[in-house]
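Biologist: I would like to learn how to read helix packing and a few local features in a model. Please take one case at a time.

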Amino acid sequence: MAPRKPPTGWTGDLDLAPEAPPGRFTVEVSPWAEGTVLALYGELDLDSVAGLRAVLGTALAVPATVVVVDCAGLEFCDSTGLNTLLRAQARAAVDGSRIELARPRALVLRMLELTGATDAFPIRDTPPG
């Protein structure tokens, strides 16, 4: 499978192919009727958060959009990853947009619960199809 093309305006070097080695952070970007789906894979931490920040910025460049972050492939998320998602959600709200999380694994869901961040994001059982 060939690597996915990055969103328009993308200038980073984030590997967008979901076949990356275990633990390596990758993002698969897909448009949908109301906005963008970002499928996350691997480990989201201090070393990889800049890639997510850039992709979120591009996805949220259009006002009144919905970005669904599919967390099913996310193996780990530290506080910098959570902080990036929370800041992006706050920025999105200013433009009438929002970020929703889909299929967070137990480890990610537990982090959201422990930090009180479950109230910040609508959580979906499935990403848009």
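Biologist: Which elements do the buried residues of α1 pack against?

Modeller: First the source: this is a predicted model, in which local features need pLDDT of at least 70, side-chain atom pairs count only at pLDDT 80 or more, and totals for chains, interfaces and linings use all residues. Residues are numbered from 1 along each chain as its sequence is written, and side-chain values use heavy atoms, with hydrogens and water left out. Contact means heavy atoms within 4.5 Å. Here the buried residues of α1 pack against β1 (26–32), β2 (35–44), β3 (66–77), α2 (79–94) and β4 (98–102).

Biologist: How many helices and strands are there in the protein chain?

Modeller: Helices (H or I, at least four residues) and strands (E, at least two) are DSSP runs, numbered from the N terminus. The protein chain has 3 helices and 5 strands, in the sequence pattern β-β-α-β-α-β-α-β.

Biologist: Which residues of helix α1 are buried?

Modeller: Buried means under 20% relative accessible area, exposed over 50%, and partly exposed in between (1.4 Å probe, protein chains only). In α1 (residues 49–59) the buried residues are Val-49, Gly-51, Leu-52, Val-55, Leu-56 and Ala-59. They sit on the same side of α1, because they cover an arc of only 155 degrees around the axis; the arc is that of the directions from the helix axis to the C-beta atoms. In the protein chain, buried residues make up 47% of the 129 residues.

Biologist: At what angle do α1 and α2 pack?

Modeller: Two packed helices are described by the angle between their axes and the distance between the axes. Axes are lines fitted to C-alpha atoms, for helices over the stretch in contact, and angles run from 0 to 180 degrees between N-to-C directions. For α1 and α2 the angle is about 15 degrees, with the axes 10 Å apart.

Biologist: Which residues of α1 and α2 meet?

Modeller: From α1 there are Val-49, Leu-52, Arg-53, Leu-56 and Gly-57, and from α2 Thr-80, Gly-81, Thr-84, Leu-85, Ala-88 and Arg-91. The residues of this contact divide into 5 nonpolar, 4 polar and 2 charged. Ala, Val, Leu, Ile, Met, Phe, Trp, Tyr, Cys and Pro count as nonpolar, Asp, Glu, Lys and Arg as charged, and the others, Gly among them, as polar.

Biologist: Is Met-111 buried or exposed?

Modeller: Met-111, in helix α3 (residues 106–115), is buried, with a relative accessible area of 15%. Not counting residues up to four places away in sequence, Met-111 touches Cys-77, Asp-78 and Leu-82. The C-alpha atoms of Met-111 and Ser-79 are separated by 8.8 Å, although these residues are 32 residues apart along the chain.

Biologist: What is the phi of Ala-64?

Modeller: Phi of Ala-64 is near 55 degrees, a positive value in a residue other than glycine. Ala-64 lies in the loop between α1 and β3 and counts as exposed, at 59% relative accessibility. Arg-103, not a glycine either, has a positive phi of about 50 degrees. Arg-103 is in the loop between β4 and α3 and counts as partly exposed, at 36% relative accessibility.
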